[in-house]
Structure formats: structure tokens, C-alpha cells
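Biologist: Please bring up the model so that we can go through it together.

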Amino acid sequence: MSHTEKRFKIKTLNNIDAYALSKLTHEFTLNHSDSEVDAIIVRSADMHQMDLPENLKFVGRAGSGVNNIPINELTEKGIVVANAPGANANGVKELVLSALIMSSRNIESALEWTQTLVGESDIGPKVEAGKKQFVGPELAGKKIGVIGLGAIGVLVANMCLGLGMDVYGYDPYLSVQHALGLNPSTKTQYDIDYIMQNCDYITLHIPYNDSTKNYLNAELLAEAKKGQIIINCARGGLVDLNALEDAINNGSIGKYVVDFPDEKTLTMKNTINIPHLGASTPESEANAANMVVNQVMDYLKNGNIHHSVNFPTINFGPIQTVCRITVLHRNIPNMIGQITHVLSQHNLNINRLTNKPRNGWACTMIDLDDDIEANDKVALENIEGVVRVRHLKPSTN
Ligand SMILES: NC(=O)c1ccc[n+]([C@@H]2O[C@H](COP(=O)([O-])OP(=O)(O)OC[C@H]3O[C@@H](n4cnc5c(N)ncnc54)[C@H](O)[C@@H]3O)[C@@H](O)[C@H]2O)c1
Ligand SMILES: O=C(O)[C@H](O)COP(=O)(O)O
């Protein structure tokens, strides 16, 4: 008996843009019980301690950072994780603009002080007398170091040039795609030490992972130009907060603006805490949700993979043959040989086949002119190194 997938169940772990979700076609249903779920759409909910639904095949991060998702564990189970690169980059860029202005012009303390005048008279003269406490420098002509030149960092660097700033970009892994979007006036030839020593502002736009934990550590902070302002709209764990607090207390760091407050930052001197608002714009929320909704539908229906962070991009378009087989497996020798051997045993004709590798993993996608039997799927699943086999039929709509 052949096994086909006709309906797919999707669970959301956060508020996801309703209009984007309304684009799910009739083959998809929302918010089913954990054990039946085929895909999860998530924003910042922490999935590390979550019991994974047995049928789970796909996790779509409606945003950029994936540190809330146990990627290695999901990869081993053949679960594709995808995000929405760039979807919320403009929202973050604009928050960085407000962070630059808030911190330079002492806006936060100035607003607090202004409110202390409530109930008093002669406000005008008092304002004129009080404003001198809040004098702060303009951004034009100042040096800024943009750490991480991905979707957000490029927009921030270009914006800062537009503000008349002298922009230093740092990204040892700069992609061609992002390099092409970067205004060539950005200075990219300097190392992180030079940037720390010379910039008035540092803004972080790198992912948080094992290798970037405490990226701004005591050593780098000790090099900071005196009074430097640090803006962190990336992730709290990128900064060693004990070292930062010392640096703020001894005056070497002027201010810290963070979009990821915690118990420590809330009580730290000269720190502006923003409640994770980087992507909280209707535009960013809609962009990210739209991207992920399209990815989840195409993966569940057709097996195509877009913007994955653990498996390769692969796309045969909609299924136009009798069936499609997708095999997620380790990228080791003789996988294609073993897979095609199973198919050839039943004289099944391969219409087309592709194999794409990524970081030790691979996806083999095969369109067949004949249907496979349930035991063929089992035989494919039993090949050592295979973590997921899907047997897909053309969509009915
Ligand atoms: N505050 C928010 O709401 C918000 C919104 C979106 C993203 N973020 C955070 O910002 C991060 C960046 O987002 P993005 O969309 O620009 O991601 P991205 O993947 O497009 O860019 C990240 C860039 O960092 C670079 N990089 C990685 N390690 C580096 C290192 N050690 N030194 C210098 N550069 C390094 C990469 O090469 C890449 O170009 C996300 O991972 C997420 O944590 C926060
Ligand atoms: O990494 C991201 O995309 C941001 O931190 C946004 O997170 P959010 O979707 O929970 O607002």
C-alpha cells in the first residue's frame, strides 16, 4: 500500500502575523496537538527544552536568530530548520537609529527629567535652564564600527554613511550577496582591535552561538576608545556583562544600549534597556511570517527547501511526476548508489534526481515516473546515514 501525505498540521509557538497565516491553503491546518504536528512556526520561544512532536518535519523561524532552536538535535532527526533572512532587517536598522540618537543626545534621561516638572509652573524657563545637563554630540563625523555585515549590518552601515558618519565594517565571513549591497565607502580593511580602539560607537549584528558567546569580552572592552557607546540589537549573550559593567563603572565605556534586557542590565549604570523591539514592526512581522509560511507549504507539499540553516537549498518546483522522494542523509560515500539501488530493484524509472550537500549533510531529491511501495520507503530509511525519507504525491489543487 502506498503512503501519501494529504494534510499537514502546523503549530505556532508565538504570535505570527495573521494575514500571512491566512495564506495557508486548504491542505494545511493550524495548531493541532503536539503529537500530530508536521511543522512548527516560531519566533523567539525557546525550543531547547521542548518535547519534539513525533511527526515534526520542519521548523520555520519567522525571524533571523535561531539560537532558541536546538538545531543539532533537529538535524539528527531529519527536521529542516529554516529562517527568514533579511525579513526584519529594516525594523532593526531603524531601532539602531533610535539607539544612536537616544544614547548620544541623552534622550532617555532628558525625558525622565522633563517629567519631573509635572505640576510645576514656569516650565519654559525651567526647561531652558535644565537642558544644559543633556547636551550630547551629533552623529555626523563620528566613527562607528559595525560588527557583522549581514542583512542588518549592511543596512546599518549604509544608513550611518547617510548620517555623515565614518563607517568601519567588520565581518571575516562577508558574503558576496551582502558585499554587493554594502556602500563601498564603508571601511572594511580594519581589524576588530583597530575598530574598538578608534570608534566612538560599536553596533553588534552577529549571530549568537558557541563561538560568539561573550564576543565583547574583557580583552576587547579594555581596548575601547574612551567613552565608547555600545549598541547591542543582536543578542544579550554576545557581551560579557561583568566585564562591561566594570568598563562602564571605570568610564571607559560611555553607554550600553541593549535590546535584550536581563536582571543585570536593568540595574547597570548608563544602560538603556529596550524590550526586544528590533523586529516588532508590522512590516517586519508580516515579511518574516510570509517568508516562513511559503517555505513551510513548499517543504511539506513538495519537499523543496529554502533558507534552511541545517540542510541545503533544493528546489524542483511543484511535483509533476507520479511521486517525489526526498532523502535527508549524512554526506557520506555511496548514498546515491544505495538509494538508486532500492529503486532499481522494482524497476522504478527516475525522471530526475539531484543531490545537494551542506556541512556534512545532504538532500537527495528524486522525481519518479512510478509510485513506490511502503516497504521501499522503509528500505530507504534503513540505509545507514539516512535521517528522513519523505514520499510525496502531486498536490490536488
Ligand atoms: N533585535 C532584534 O529584534 C533582532 C532582529 C533580527 C536579528 N537579530 C539578531 O541579529 C543577528 C544578525 O541578524 P542578520 O539578519 O543580520 O543575520 P545575517 O546572518 O544576515 O548576518 C550575520 C552576519 O554576521 C557575520 N558574522 C558571523 N560571525 C561573525 C564574527 N565572529 N565576527 C564578525 N561577523 C560575524 C556573518 O558573516 C553574517 O554576515 C541575528 O542572528 C539575531 O541574533 C535581532
Ligand atoms: O532574531 C530575530 O529575528 C529577532 O530577535 C526578532 O525576534 P522576534 O521575532 O521574537 O521579535
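Modeller: Let us begin with Asn 359, which is placed in the loop between strand 13 and strand 14. Helices (H or I, at least four residues) and strands (E, at least two) are DSSP runs, numbered from the N terminus. The model is predicted, so local features need pLDDT of at least 70 and side-chain atom pairs count only at pLDDT 80 or more, while totals for chains, interfaces and linings use all residues. Residues are numbered from 1 along each chain as its sequence is written, and chains are lettered from A and ligands numbered from 1 in the order in which they are written.

Biologist: What is the phi of Asn 359?

Modeller: Its phi is positive, about 45°, although Asn 359 is not a glycine.

Biologist: Is Asn 359 buried or exposed?

Modeller: Asn 359 counts as exposed, because it has 11 C-beta neighbours inside 10 Å. The rule is that a residue is buried if 20 or more other C-beta atoms lie within 10 Å of its own, exposed if 12 or fewer, and partly exposed in between, with C-beta atoms placed from the backbone.

Biologist: And what about Asn 334: where does it lie?

Modeller: Asn 334 belongs to the loop between strand 12 and helix 12. Although not a glycine, Asn 334 has a positive phi of about 70°. Asn 334 is exposed, as 11 other C-beta atoms lie within 10 Å.

Biologist: Which strands make up the sheet around there, and in what order?

Modeller: Four strands form an open sheet in the order 13-14-12-15, with antiparallel pairing. Two strands count as paired if DSSP finds at least two bridges between them. Strand 13 (350-358) and strand 15 are at the edges with a single partner strand each, so one side of each has no neighbour in the sheet. From one strand to the next, the twist averages 10°. Axes are lines fitted to C-alpha atoms, for helices over the stretch in contact, and angles run from 0 to 180 degrees between N-to-C directions.

Biologist: How many bridges does strand 12 make with strand 14?

Modeller: Strand 12 pairs with strand 14 (residues 361-368) over eight bridges, in the antiparallel sense. In that pairing, Val 327 has Thr 364 as its bridge partner, and Arg 324 has Asp 367. Strand 12 also pairs with strand 15 (residues 386-392), antiparallel over six bridges; there His 329 stands opposite Val 386.

Biologist: How many residues of strand 12 are buried?

Modeller: Strand 12 (residues 323-330) has seven of its eight residues buried. Helix 12 (residues 335-345) lies across strand 12, strand 13 and strand 14, at about 30° to strand 14. Contact here means that the C-beta atoms of two residues, placed from the backbone, lie within 7 Å.

Biologist: Changing topic, what is the order of the parallel sheet?

Modeller: That open sheet has six strands in the order 7-6-8-9-10-11. Strand 7 (166-170) and strand 11 (271-273) are the edge strands, each pairing on one side only. On average, neighbouring strands of this sheet are turned by 15° against each other, direction ignored. Within the sheet, strand 6 (residues 143-147) and strand 8 (residues 201-204) run parallel and are joined by four bridges, with Ile 144 opposite Tyr 201.

Biologist: What covers the buried residues of helix 6?

Modeller: The cover includes helix 3 (89-104), strand 6, strand 7, helix 7 (176-181) and strand 8. Among the buried residues of helix 6 are Ile 152, Leu 155, Val 156 and Cys 160. Gly 164, with a positive phi near 85°, follows helix 6.

Biologist: What span should helix 6 have?

Modeller: Helix 6 (residues 151-162) has 12 residues and should span 16 Å at 1.5 Å a residue, which agrees with its end C-alpha atoms being 17 Å apart. The expected span is 1.5 Å times one less than the number of residues.

Biologist: Which element gives the largest share of the shell around ligand 1?

Modeller: Helix 6 does, with three residues. In total 33 residues surround ligand 1, and the closest are Gly 65, Gly 148, Gly 150, Tyr 173 and Gly 278. A residue is near a molecule if its C-beta atom, placed from the backbone, lies within 6 Å of it.

Biologist: And which residues are around ligand 2?

Modeller: Arg 43, Ser 44, Gly 63, Ser 64, Gly 65, Asn 88, Gly 278, Ala 279 and Ser 280 are around ligand 2. By class, this shell has one nonpolar, seven polar and one charged residue. Ala, Val, Leu, Ile, Met, Phe, Trp, Tyr, Cys and Pro count as nonpolar, Asp, Glu, Lys and Arg as charged, and the others, Gly among them, as polar.
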